[in-house]
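Here is a friendly walk through one protein model, written to be read with the structure open beside you.

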Amino acid sequence: MNPEYETICRRILADDRDLVGVTYRKLDCGCMQFCGISPQGATLGCRHHVSGQPPTRNLEPLVCLKCRKDDEFAVERTVDKGIVWAANPPGPEVQAQIRLKILGPEDAD
Ligand SMILES: [Zn+2]
């Protein structure tokens, strides 16, 4: 995984010690979404990370035009996704359940 994503995931985990991990999803435009994972396997506190866009001169917040056109975070444009576990992760069985719930069967190996 890109070390930049891992840094963001680690920061989210450091913010909330109750999280068991962070799931990330990258779109074809380069934008990413990060969500904390609760011990019950629910996603929470999702945040959007806009990247791959050149900085604007007039200090407007960076907006990805592709994502602005989509009302919601466009999961159908996903090119990469995964989970970064906390330093103290749940057991393998629980991890498998959470992977299945969050990533779907095709990535829950
Ligand atoms: Zn985007």
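What percentage of the 109 residues in the protein do buried residues make up? The figure is 21%, where a residue is buried if 20 or more other C-beta atoms lie within 10 Å of its own, exposed if 12 or fewer, and partly exposed in between, with C-beta atoms placed from the backbone.

## Before you start

This is a predicted model, in which local features need pLDDT of at least 70 and side-chain atom pairs count only at pLDDT 80 or more, while totals for chains, interfaces and linings use all residues. Residues are numbered from 1 along each chain as its sequence is written.

The average pLDDT (the predictor's confidence in each residue, from 0 to 100) is 84 for the protein, and 85% of the residues score at least 70. Confidence is lowest in helix α2 (residues 65-69), with a mean of 82, and highest in α3, at 94. Where pLDDT is low, the predicted coordinates should not be read in detail.

## The overall plan

The protein has 3 helices and 4 strands, and from the N terminus on they follow the order α-β-β-β-α-β-α. Helices (H or I, at least four residues) and strands (E, at least two) are DSSP runs, numbered from the N terminus.

Two residues are in contact if their C-beta atoms, placed from the backbone, lie within 7 Å. Among contacts between residues at least 6 apart in sequence, 44% join residues at least 24 apart.

## The sheet

The 4 strands make an open antiparallel sheet in the order β3-β2-β1-β4. β3 (43-49) and β4 are at the edges with a single partner strand each, so one side of each has no neighbour in the sheet. The twist averages 15 degrees from one strand to the next, with axes fitted as lines to C-alpha atoms (for helices over the stretch in contact) and angles running from 0 to 180 degrees between N-to-C directions.

Strands pair if DSSP finds at least two bridges between them. β1 and β4 share 7 bridges, with K26 opposite D80 in β4. β1 and β2 are joined by 6 bridges, and Y24 stands opposite F34 in β2. Between β2 and β3 there are 5 bridges; here M32 faces H49 in β3 and Q33 faces H48 in β3.

## Covered and open strands

β2 is mostly covered, with 6 of its 6 residues buried. M32, F34 and G36 are buried on one side, and Q33, C35 and I37 on the other.

G30 has a positive phi of about 100 degrees in the hairpin of β1 and β2, which has 4 residues between the strands. G41 takes a positive phi near 90 degrees in the hairpin of β2 and β3, which has 5 residues between the strands.

## The helices around the sheet

In α1, the buried residues are C9, I12 and L13. Seen down the axis of α1, they fall within an arc of 100 degrees, so they line one face of the helix; the arc is that of the directions from the helix axis to the C-beta atoms. Their cover includes β1 (21-27), β2 (32-37) and β4 (78-85). The face turned away from the buried side carries exposed residues, including E4, R11 and D15.

Helix α3 (residues 92-103) lies across β1, β2, β3 and β4, at about 155 degrees to β4. Just after α3, G104 takes a positive phi of about 90 degrees.
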